[in-house]
Amino acid sequence: MNFLRALFKRKSVWFILIGIAVFVYINNSSLWTKKSGQPLLLAHRGVAQTFNIKGLQNDTCTAESIYKPEHSFLENTIPSIKQAFKDGADIVELDVHITKDNQFAVFHDWTLDCRTNGTGVTRDYTMAELKKLDIGYGYTADGGKTYPFRGKGVNLMPSLDEVMKYFPHESFLIHVKSNDPEEGKKLAKYLSQFSKERLKNITVYGGDEPIDSLKKAMPNLKVMSKATMKSCLIPYIATGWTGYVPKACENTELHIPEKIGPFLWGWPNRFLNRMDHINTRTIIVGGNGSEFSTGFDSTKDIKRLPANYSGGIWTNRIDRLGPYYEKKKKQTKKHLPLISPNNHSQE
């Protein structure tokens with residue numbers, strides 16, 4: 001009798017465990033959850049000159065090791081941003097630094113020495129002084145034998161204000177390059193002049209300290225930092241199997257390395273749906289998160305994405321990916337059945 005009771009209890013435990021496993025699988029499977037539509041394309045630095053990312057360090061001068069130029073655009077400039085949107089970007093990422101006269105210069109590097117004919121940091125110069133620099137000065141694809149953009153980058157470094165006025169309705173991901181909390185406060189002061197409608201298309205990311213101070217000043221603005229990523233993803237990994245999404249995940253942006261994505265509950269479609277539901281944008285980036293700005297930069301790279309992926313994609317080559325997805329969209333429309341006003345297929 002005791003043996004039968006023990007056997008029954010053991011079977012009950014197994015039934016419970018199997019039931020939990022089935023629940024977790026169904027609750028997190030993407031098989032029955034589809035996201036329709038094209039991916040969101042995020043153009044890193046606009047249309048830019050690219051370079052080999054292997055072996056990069058924080059102080060590597062990437063302008064000295066660009067690939068042979070395929071176009072004439074220089075990153076983080078108004079012509080570059082304009083072309084990125086023309087090529088199909090939904091969002092353009094740009095970098096900002098504070099200047100001596102408390103404006104925000106749109107420029108990537110920590111110092112001016114690599115790309116320009118100037119030295120030091122942007123905060124040592126006024127915006128007017130920075131415009132006199134040649135931001136194409138340091139680019140070379142052949143070890144310094146030739147400098148194809150030298151002399152062509154004078155007056156091309158824009159202020160953030162110029163960018164916002166030139167593109168009044170476009171979406172931007174603004175990168176605060178320093179870890180100075182005061183820059184977060186100053187950026188919040190600048191952005192607070194814009195309407196709520198305009199700010200829906202603006203996201204800011206960067207170091208923990210400036211993003212924290214910016215978020216305190218503008219709690220409704222979409223932001224991202226390592227701290228916000230951790231506060232969302234760590235508890236999500238612990239509880240996401242139930243379908244619960246932590247409040248820390250709301251109204252933010254997540255940059256998910258492609259090798260980490262499969263370990264998130266519901267990846268990809270159900271995870272994307274959950275984040276969309278709480279006004280959080282998901283961007284997939286290349287590698288495991290340790291590389292420097294690895295993106296999906298060719299049609300070959302696209303093959304690494306989950307089938308029918310429709311979240312955000314980080315790319316350094318919007319000039320390649322934009323036309324690829326535009327062509328794909330046209331092909332999809334071409335094969336869709338024509339629908340009449342009465343919702344009947346036309347004969």
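Modeller: Buried means under 20% relative accessible area, exposed over 50%, partly exposed in between (1.4 Å probe, protein chains only). Cysteine 232 has a relative accessible area of 0%, so this residue is buried. Cysteine 249 is also at 0% and therefore counts as buried. This is a predicted model, where local features need pLDDT of at least 70, side-chain atom pairs count only at pLDDT 80 or more, and totals for chains, interfaces and linings use all residues. Residues are numbered from 1 along each chain as its sequence is written, and side-chain values use heavy atoms, with hydrogens and water left out.

Biologist: To which residue does a disulfide join cysteine 232?

Modeller: A disulfide is a covalent bond between the sulfur atoms of two cysteines. The criterion here is a pair of cysteine sulfur atoms within 2.5 Å. Cysteine 232 is joined to cysteine 249, with S to S 2.0 Å. Cysteine 232 lies in helix H8 (residues 226-239) and cysteine 249 in the loop between H8 and strand E7 (253-257), 17 residues apart; helices (H or I, at least four residues) and strands (E, at least two) are DSSP runs, numbered from the N terminus.

Biologist: Why is the disulfide of cysteine 232 and cysteine 249 right-handed?

Modeller: Because the torsion about its S-S bond is about 95°.

Biologist: How many disulfides does a search of the whole structure find?

Modeller: Two. The other pair is cysteine 61 and cysteine 114, with S to S 2.0 Å. Their link is right-handed, with 80° about the S-S bond, and both cysteines are buried. Counting bonded cysteines along the chain, the pattern is 1-2, 3-4.
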